[in-house]
Amino acid sequence: MTVDDARLNRPQPPVTWRGRVGDAVLAVVVGALVIASAPPAAGWPAFALAGAGSLALAAYRPAPRAVLVVTTLLLSAYVVLAEPGAASALPVVGAVHTASRVGHRVPGAVAAAGFLAVFAVAGEGLNTTLLLAGWFLCANVTGLADQNWQAYLRQTEQRALDAERTREEVARRRAGEERLRIARELHDSLTHSIAVVKLQAGVAVHLARKRGEEVPPALLAIQEASGEAMRELRATLVVLREPGPAGRVKEVVERARAAGLSVTLTDYDGDLPDEVQHTVYRIVQESLTNAARHARASEVTVQLTADEGQLEVRVEDDGRADPVAGFEPGIGLTGMRERVAALGGTLECGPKDEGGFLVRAQLPLSVREMTARTSEAQ
């Protein structure tokens with residue numbers, strides 16, 4: 001995610017009433033400075049133009065371009081009427097700065113050039129005009145610097161959110177892997193031992209009854225307890241192997257469409273093992289998130305096809321990914337690759353030659369058979 005992405009894709013925070021009051025106070029202070037520095041011979045029309053152009057700065061947050069136009073025109077007319085000094089440029093300098101900090105650098109430069117042309121003709125001369133040109137240049141540069149700083153802060157915040165989301169997914173995946181490891185250990189050791197105890201107790205009870213002997217109560221208790229332990233252990237193994245509810249691809253596609261992204265889905269109509277279904281859901285979710293947030297794509301195609309025991313997940317967009325530029329996978333794509341590798345699959349991702357971005361995963365459908373064999377063994 002670049003600084004331009006953060007600036008263009010992240011909405012600006014709402015302005016509070018305190019912020020609006022502060023903007024109004026600043027506009028009044030600028031207007032007072034302009035009027036206080038006006039020539040003694042300036043009339044009321046000139047004062048009105050200077051005051052109106054300065055007070056327009058109070059609306060720079062919701063309408064920076066309109067403020068730029070109004071302030072430049074009114075202060076230019078004020079310069080023609082009153083022939084003031086350099087202080088008359090303060091409202092225009094402020095308007096150029098606020099326009100530049102929200103990305104309107106070209107209109108700001110045009111307004112500055114227009115005001116300087118008027119001031120050079122009707123103002124205090126060439127030296128003051130050159131001084132004001134430096135002011136306007138600084139206003140453009142500081143506006144751009146402020147814009148990039150705000151974009152950097154938003155980018156850092158977004159990275160923190162992405163890292164937090166990825167950490168949660170990694171923690172869930174590791175917890176699932178640990179549950180499976182514990183389930184395998186219990187099945188391979190404890191289940192076998194209990195089964196042997198149950199079998200031996202059953203044989204002893206059977207031989208005692210066959211010989212007409214009274215079965216010892218302790219032996220019956222061992223047989224019953226071992227059977228109950230086997231049932232509880234099987235239930236515990238089922239819980240440990242349960243991967244949790246898996247989301248459907250159609251759900252995440254519908255959410256992406258509701259957010260304004262055009263998505264074409266070719267879904268797989270067969271049943272999928274829970275592990276594969278969960279991984280497919282996460283792949284499509286991460287790919288659509290990247291297409292909407294980073295690639296600025298207008299069209300995304302999601303295809304799920306099965307062939308020769310392999311499920312192919314293909315997600316491609318028409319975003320602005322450049323195959324010539326260097327590509328470095330982020331945290332989300334790295335987690336996606338780890339998830340696919342855990343199932344024994346493969347993942348390819350990167351910019352396409354014709355433009356856009358492609359994510360292609362191959363997942364084995366044999367996970368279902370492995371799960372079924374494990375359940376039968378238990």
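This is a predicted model: local features need pLDDT of at least 70, side-chain atom pairs count only at pLDDT 80 or more; totals for chains, interfaces and linings use all residues.
Residues are numbered from 1 along each chain as its sequence is written, and side-chain values rest on heavy atoms, with hydrogens and water left out.

The protein chain contains 12 helices and 5 strands, taken as DSSP runs (H or I of at least four residues for helices, E of at least two for strands) and numbered from the N terminus. Of its 378 residues, 37% are buried, that is, under 20% relative accessible area with a 1.4 Å probe, protein chains only. The chain exposes about 21,100 Å², of which carbon and sulfur atoms supply 60%; accessible areas follow the Shrake-Rupley method with a 1.4 Å probe. Among contacts (heavy atoms within 4.5 Å) between residues at least 6 apart in sequence, 72% join residues at least 24 apart.

The 5 strands form an open sheet of mixed pairing in the order β1-β2-β3-β5-β4, two strands being paired if DSSP finds at least two bridges between them. Strands β1 and β4 (346-351) stand at the edges with a single partner strand each, so one side of each is left without a neighbour in the sheet. From one strand to the next, the twist averages 10°.

Strand β1 (residues 262-266) pairs with β2 (residues 299-307) in the parallel sense over 5 bridges. Within this pair, L265 stands opposite V302 of β2, and T266 stands opposite Q303 of β2. Helix α9 (residues 249-258) packs on the sheet, where it touches β1 and β2, and its direction makes about 160° with that of β1. Strand β2 is also joined to β3 (residues 310-317), by 8 bridges in the antiparallel sense; L304 has V313 in β3 as its bridge partner. The hairpin of β2 and β3 has 2 residues between the strands, and E308 in the turn has a positive phi of about 55°.

The axes of helices α4 (residues 64-82) and α6 (residues 105-122) come within 9 Å and cross at roughly 5°. Axes are lines fitted to C-alpha atoms, for helices over the stretch in contact, and angles between N-to-C directions run from 0 to 180 degrees. The crossing makes α4 roughly parallel to α6, a class that covers angles under 35 degrees. Contact residues include L68, L75 and V79 of α4 and A111, F115 and F119 of α6. The residues of this contact divide into 10 nonpolar, 3 polar and no charged.

Definitions and conventions:
Angles under 35 degrees count as roughly parallel, over 145 as roughly antiparallel, 65 to 115 as roughly perpendicular and the rest as oblique. Ala, Val, Leu, Ile, Met, Phe, Trp, Tyr, Cys and Pro count as nonpolar, Asp, Glu, Lys and Arg as charged, and the others, Gly among them, as polar. Buried means under 20% relative accessible area, exposed over 50%, partly exposed in between (1.4 Å probe, protein chains only).
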